[in-house]
Every structure is written in structure tokens, then in C-alpha cells.
Amino acid sequence: MRLVLLGPPGAGKGTQAYRLANRFGVPLIATGDIFRRNVEEGSRLGVEAKEYLRAGELVPDDVVVKMVVKAIENANGRFVLDGFPRTLPQAEALEAELDRRGQPLVAALAFLLDDEITVKRLAGRRTCAVCQRPYNVELHPPRQEGVCDRCGGRLIQREDDREETVRHRLEVYHHLTQPLLKFYAERGLLREVDAEGTEDGVYERAVAALADLGS
Ligand code: AMP
């Protein structure tokens, strides 16, 4: 299985990517997570990426492409990719690398979601600083404001989930990433999923959209 996931921030791609990678038994490569981990660790890559993440800007293509090529090598060419590609040059670089390996993509799965729902979901997103459990102040609030139901930890907001940054990330998505839907449609790889509704409902639709690809 070699699958890329596309869609605006807040479409629930991260959760679906995790579930799909488990289902197909392949490694998940999530570029945002790799960057956040590196920022936390203060690695060279993290130092390079930090300001871009904070501002909701894209990290330069050459930096991301190098990181992803390495991750694909480590994954032996089987993966679910979440958060990459996000620009046309990234999609072209991925295609060239997979052609070189003789291991082309089997599909690009795009999650579709209305902008206003995206803003609501992301600007309301909170995560427990201790156990990482996700909440949403509007959609799934905790019983006590700012406190995790499960472990009592403090709920925090990702810095790039503030409303003005979310709107900026959406603009970046429409401008740079949305053209990739056409790129993959032209190659006969595009499949689309309605990302509105419950996590389980979206997952079922995603699995159905990929059903003919086997497990
Ligand atoms: P995400 O968790 O996928 O929303 O990614 C968080 C941030 O990481 C993005 O806003 C970018 O700053 C950076 N990032 C993740 N993936 C990419 C990519 N493919 N190209 C450029 N920047 C990326």
C-alpha cells in the first residue's frame, strides 16, 4: 500500500491516517508530527522548521522532500503519507522518487470539508498536555473547562490552531495544495471522501473509497 492523504487542516486527516495505516499494516509518515517532534527535541531540522510551523507557513520544499525520501526508505516503500505532498513541486518530487524505486502510488485520498467547519474544528481544538487526549470546546467540550476528563491534565491549544493562523493555513491550502487534486485526478489516482460528520463515519467512507485496492 502506498497512499497519500490530501485535505485542508482540520479535516481529521491525522486520525484517519493513523487508522488507515493500522488497517493496511503499513507505516504512517506524518510530516507535521515529524516536524513537531524535531522542534521539541531542538534538532537541526527542528530549529530550521520552527518559525514556519509557528506562523502556519510551509517549510521549504527541499527540506520536506529530503525528510520524506528518508522516511520512505525507512518504511521500505510501504506507507500512508499524511501532510505530504502539499505543493506541486513536492508531488513531482514524490512521483520521481517512487518511479525511481519502481513503487508508484496506488491512490491519493482527498478529504473534503467546508472552510467554516474547518475553522470551527481547529480553533476549538484542545489537547491534554499530559495524556494527549483531544477535545473541542464547541464540538466535544471537557466536563470542566480547561481540564482533561480522563487524567485531570491541563488542556492546551496548539500555537498554530489560533483562529488567525488557522485562516492563514487554509489560504495556504487553497493556494498551494488544492491544485494537487487535479494533479492526481489526471493520473487516475484521486479518490474523494466527504470529511463532515463523525470520525467513524468518515473512516467507513474512506475504507469504502479504497475497497478495491485490497488490504
Ligand atoms: P500539519 O500537522 O500537517 O498541519 O503540519 C503542521 C505544519 O508543519 C504545517 O503548517 C507546516 O508548517 C509544516 N509542514 C507539514 N507538512 C509539510 C509539507 N508537506 N510541506 C511544508 N510544510 C509542512
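A polar side-chain atom of Gln90 lies 2.9 Å from a nitrogen atom of the ligand, and a polar side-chain atom of Arg36 is likewise placed 2.9 Å from an oxygen atom of the ligand; a polar contact here is a pair of N or O atoms within 3.5 Å. The side chain of Arg169 has an N or O atom 3.3 Å from an oxygen atom of the ligand. Taken alone, the ligand exposes 480 Å², of which the protein buries 94%, with areas from the Shrake-Rupley method and a 1.4 Å probe.

This is a predicted model, in which local features need pLDDT of at least 70 and side-chain atom pairs count only at pLDDT 80 or more, while totals for chains, interfaces and linings use all residues. Residues are numbered from 1 along each chain as its sequence is written, and side-chain values use heavy atoms, with hydrogens and water left out.

Around the ligand there are 16 residues, of which Thr31, Arg36, Glu57, Gly83 and Gln90 come nearest (a residue is near if one of its heavy atoms lies within 4 Å). Helix H2 (31-41) and helix H3 (44-55) each supply at least two residues of this shell, and H2 gives the most, with 4 residues.

Turning to the cysteines, the count comes to 0 disulfides, a disulfide being a pair of cysteine sulfur atoms within 2.5 Å. Cys128 is in no disulfide, and the nearest cysteine sulfur, that of Cys151, is 3.5 Å away. The sulfur of Cys148 is 3.8 Å from the closest cysteine sulfur, in Cys131, and is therefore too far for a bond.

Methods: A polar contact is a pair of N or O atoms within 3.5 Å; within protein, one must be able to donate a hydrogen and the other to accept it, and residues adjacent in sequence count only if both atoms are side-chain atoms.
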